[in-house]
Amino acid sequence: MSIEISPAWWTSAVVYQIYPRSFADSTGTGIGDLGGIRGKLDYLQQLGVDVVWLSPIYRSPQADNGYDISDYQDIDPLFGSLEEFDLLLAEAHARGIKIVMDLVVNHTSDEHAWFEESRSSLASPKRDWYIWRDGDGVDGHEPNPWRSMFGGPAWQLDAVTGQYYLHLFAAKQPDLNWENPEVRVAVYTMMNWWLDRGVDGFRMDVINLIAKVQSDLVGDSPGYVMGDQVHDYLQEMNREVFAGRDADLITVGETPGATVDDAIQFTSSDRLELDMVFQFEHVGLDHGPRTKFDNVPLKLVDLKRSLGRWQSGLADAGWNSLYFSNHDQPRSVSRFSDDGEFRYESATMLAAILHLHRGTPYVYQGDEIGMTNAGLTTIEQYQDIESLNYYAEEVAAGASPAAVLASLAFRSRDNARTPMQWDATPLAGFTTGTPWLEITPNHSTINVATDRAAGPRSIFEFYRRLIALRHESTVVSLGVFEMLEAEHPTLYAFTRTLGEETLLVVGNFSGVPSELPLAVAGELVIGNLVIGNYGEVPDIAGALLPWEVRVVRLR
Ligand code: GLC
């Protein structure tokens with residue numbers, strides 16, 4: 001006898017990511033805040049999203065824009081207070097919008113009380129809460145050759161005790177020692193405190209890095225950090241935090257380097273770890289061999305091969321999260337398509353392709369109006385620690401500043417972090433003060449007000465329809481995914497099938513018309529258009545126009 005298990009609510013949900021410092025500023029500081037977010041809840045409700053994920057708003061020295069937390073149980077005064085947070089939560093819930101917090105527990109800030117206590121002496125009761133090692137003993141150098149993700153060694157010598165601590169990110173982000181059960185208990189206690197307050201889940205920052213392979217921590221191993229214990233820790237977290245709470249929560253782990261097999265382990269429902277993970281394979285396809293700043297052209301066949309493998313890999317167990325952009329990635333319309341003449345077509349085509357895969361789609365703030373890369377040209381304009389470190393290291397090693405700036409202009413995380421473009425006024429409706437990061441000049445034409453007045457050419461409206469489609473249609477949320485024309489260089493085509501229903505999705509990843517292969521063309525019947533970005537196209541079965549997408553119902 002088979003038991004019918006109803007699908008989890010998040011299979012038909014869409015998540016919207018807010019990067020708070022760049023979303024909306026209600027106090028004139030030039031930095032977005034909780035009041036600003038509250039003021040835009042109606043906007044989010046109109047878009048139709050189910051969940052808002054807030055990048056970190058906890059107390060923080062802001063060395064990595066809040067991903068360096070000095071107090072997990074307080075709001076940074078830059079953003080507001082706990083009282084304002086409660087208000088935001090209540091007003092979001094009143095509109096049927098859930099709030100998910102960013103959980104950054106691979107590391108804390110070096111200004112967290114735990115670390116201050118840990119570094120104070122070898123005998124500190126919290127010494128073992130972080131990862132301390134002696135130098136390699138040969139010449140007083142770092143314990144092993146690990147590199148920080150933000151450049152330089154991953155070890156920092158601390159003068160107080162003469163030992164090194166591990167920091168996989170900036171020196172101001174010391175890694176917690178998850179081997180220590182007290183650390184884990186402290187983290188679970190904090191998570192329970194937020195859930196008791198009413199939050200609806202967590203996006204877990206670099207969660208697969210919490211488990212270090214202990215044998216790699218010394219010696220010459222280039223090292224990687226996804227020790228097997230990561231699954232034990234997540235199962236323990238599940239028992240200690242999520243078990244017994246209602247099924248309305250959502251958990252998504254950020255897991256750089258995770259393979260399809262890893263993701264199955266993280267997200268199979270019977271393993272009680274996470275609901276879904278952010279994998280990185282498809283956003284690494286245009287990275288050069290040396291660093292992510294060596295930009296190589298993306299081949300569409302590679303993108304299809306990668307995403308197709310994740311679709312089939314998680315078809316029977318586990319679940320995908322779907323994203324083309326976030327606060328760490330360039331703007332998708334600039335990266336994958338044409339952010340100039342065909343910006344409307346490009347942004348909507350990318351959205352339809354992404355949202356009609358099987359998985360939970362994530363909309364990054366500004367994507368719903370087709371915001372572009374920032375177009376920064378001098379190093380003084382950048383704020384991101386990763387970009388600044390990369391520039392300094394490369395130039396010190398002899399690279400030409402112009403070449404490094406060209407790489408940053410394409411790849412820097414600041415491309416996604418420029419203030420949200422609400423209207424065409426000089427400060428884009430974002431602030432009345434001096435914005436912490438320059439507002440992109442194209443806000444005079446690319447902004448929420450202009451987009452929403454664009455009638456049939458509103459990108460927001462297209463997103464709204466896609467989100468509604470996922471809510472209404474089980475073939476979108478649950479249908480079986482099948483890639484078509486995998487080797488075609490410019491068409492991205494697939495079907496979704498559930499029971500008697502099949503949708504065909506075809507997108508043109510190019511600025512010239514693409515002839516349709518016969519097998520696909522024959523199916524594109526005008527009467528069955530579900531959504532497209534050229535309106536009613538006369539020659540529906542001929543060619544796809546530049547950056548066109550068509551979704552048709554076959555059965
Ligand atoms: C994650 C975050 C990124 C941050 C890093 C360190 O990758 O998304 O913004 O810099 O972790 O916390």
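Which helices and which strand do the buried residues of H7 pack against? They pack against helix H6 (229–242), strand E11 (276–278) and helix H8 (300–313). Helices (H or I, at least four residues) and strands (E, at least two) are DSSP runs, numbered from the N terminus.

This is a predicted model, in which local features need pLDDT of at least 70 and side-chain atom pairs count only at pLDDT 80 or more, while totals for chains, interfaces and linings use all residues. Residues are numbered from 1 along each chain as its sequence is written, and side-chain values use heavy atoms, leaving out hydrogens and water.

**Helix H7**

H7 covers residues 260–267. Its buried residues are Val260, Asp262, Ala263, Phe266 and Thr267. Buried means under 20% relative accessible area, exposed over 50%, and partly exposed in between (1.4 Å probe, protein chains only). Seen down the axis of H7, the buried residues fall within an arc of 155 degrees, so they line one face of the helix. That arc is taken from the directions from the helix axis to the C-beta atoms.

**Two domains**

The domain assignment gives domain 1 (9–106 + 181–374 + 441–459) and domain 2 (479–553). Such bounds come from an automatic or database domain assignment. The table lists values for this pair.

| Domain 1 and domain 2 | Value |
|---|---|
| Distance between C-alpha centres | 29 Å |
| Area buried between them | about 2,000 Å² |
| Share of that area on carbon and sulfur atoms | 72% |

Buried area is the accessible area (1.4 Å probe) that two parts lose on being put together, summed over both. In domain 1, Lys304, Met349 and Leu356 lose the most area to domain 2, together 31% of what that side buries. Contact means heavy atoms within 4.5 Å. By that rule, 23 residues of domain 1 are in contact with 25 residues of domain 2.

The count of salt bridges between the domains is one. A salt bridge is a side-chain nitrogen of Lys or Arg within 4 Å of a carboxyl oxygen of Asp or Glu. H8 and helix H10 (343–355) are the elements that give two or more residues to the side of domain 1 that touches domain 2.

**Thr497**

Thr497 is found in strand E15 (residues 491–498). Thr497 is partly exposed, with a relative accessible area of 24%. Beyond residues up to four places away in sequence, Thr497 touches Val475, Gly479, Val480, Thr502 and Arg555. Leu437 is 60 residues from Thr497 in sequence and 45 Å away in space, C-alpha to C-alpha.
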